[in-house]
Amino acid sequence: MTIEGGALKPDWSAPDRVRAISTTRAGGVSGRPWNSLNLGSHVEDNPKHVQENRRRLAESIGLDSDRIGWLNQVHGTEVVELTPDSVGQPPNADASYTRHPGIACAILTADCLPVILADREGTVVGAAHCGWRSLCGGVIENLVSAMAVAPETLHAWLGPAIGPGSFEVGPEVRDAFLEHDPKAARAFKAEGARSGHFMADIYALATLRLDHLGVSNVAGGRLCTVQDSDRFFSYRRDGQTGRMATLVWLVD
């Protein structure tokens, strides 16, 4: 992981045509409790501040603001394709992909896991918003299917998310993952503060899903949004707060 201009640049083996960043909370104009680079338009921040923050983001990565494919994330499994005609119309979806250079797939998070994908030829990229519901429901599987390339050619990067030392869940969450794959048991430890609860490793759960699909080239998965309050927003830690963005796009 490297840091450039306040944003995190993934250390992964994607081809040269692929660009990706994950923002931190620094470098924007929003006031408390969204300080300062809040990119979420749904968290009661001043809309003008969000617009300026998004403008700064677009300028920093050399893209037009209207070429960033924001989604109305609903913790579901819907995947959309971003094209020059559709990118300016945010749909209700939790994943996107594109084959068009200069259009960025964007995921907003503040504890949920952002997963980005790129094929080794640099022909298609995608991004998924993986809260536990969307991850368990199959958003990664749907994204890989929609990208329509051999899974073994894909490179994945797991961005900042709630870490295994902070993600306490109820037994219903564990049961839902185990129903899909008993191997998911390895991602849960019975050490929750509340009786009958578990500490979940969302990085391990996502990696298991990717591995099951045949995506073995996986990087990232080491940053906790809850524990690092200087760099990251965290809904679980703070309640009302901002959102980071993880973006991936192709260049000519």
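The following legends describe close-up views of a predicted model.

View 1. Asparagine 53 belongs to helix α1, which spans residues 47–61. This residue is buried, its relative accessible area being 0%. Beyond the neighbours within four places in sequence, asparagine 53 contacts Gly28, Val29, Ser30, Ser36, Leu37, Asn38 and Leu39.

**View 2. The largest pocket and its lining.** Two or more lining residues come from each of β7 (104–109), α2 (132–137), β11 (168–169), α4 (171–180) and α6 (235–238). By residue class, the lining holds 15 nonpolar, 11 polar and 8 charged residues.

**View 3. The salt bridge between glutamate 141 and arginine 209.** The closest N and O atoms of glutamate 141 and arginine 209 are 2.9 Å apart. Glutamate 141 lies in helix α3 (residues 139–147) and arginine 209 in helix α5 (residues 202–213), so the pair ties together parts 68 residues apart in sequence. Glutamate 141 is buried at 17% relative accessibility, and arginine 209 is buried at 5%.

**View 4. Further salt bridges.** The structure contains 8 salt bridges. Arginine 67 and aspartate 66 pair at 3.8 Å, N to O; arginine 67 is partly exposed at 26% relative accessibility, as is aspartate 66 at 46%. Arginine 231 and aspartate 228 pair at 2.8 Å, N to O. Salt bridges also link Glu52, Arg55, Arg56 and Glu59 in a network.

Methods. Residues are numbered from 1 along each chain as its sequence is written. This is a predicted model: local features need pLDDT of at least 70, side-chain atom pairs count only at pLDDT 80 or more; totals for chains, interfaces and linings use all residues. Side-chain values use heavy atoms; hydrogens and water are left out. Helices (H or I, at least four residues) and strands (E, at least two) are DSSP runs, numbered from the N terminus. Buried means under 20% relative accessible area, exposed over 50%, partly exposed in between (1.4 Å probe, protein chains only). Contact means heavy atoms within 4.5 Å. Ala, Val, Leu, Ile, Met, Phe, Trp, Tyr, Cys and Pro count as nonpolar, Asp, Glu, Lys and Arg as charged, and the others, Gly among them, as polar. A salt bridge is a side-chain nitrogen of Lys or Arg within 4 Å of a carboxyl oxygen of Asp or Glu.
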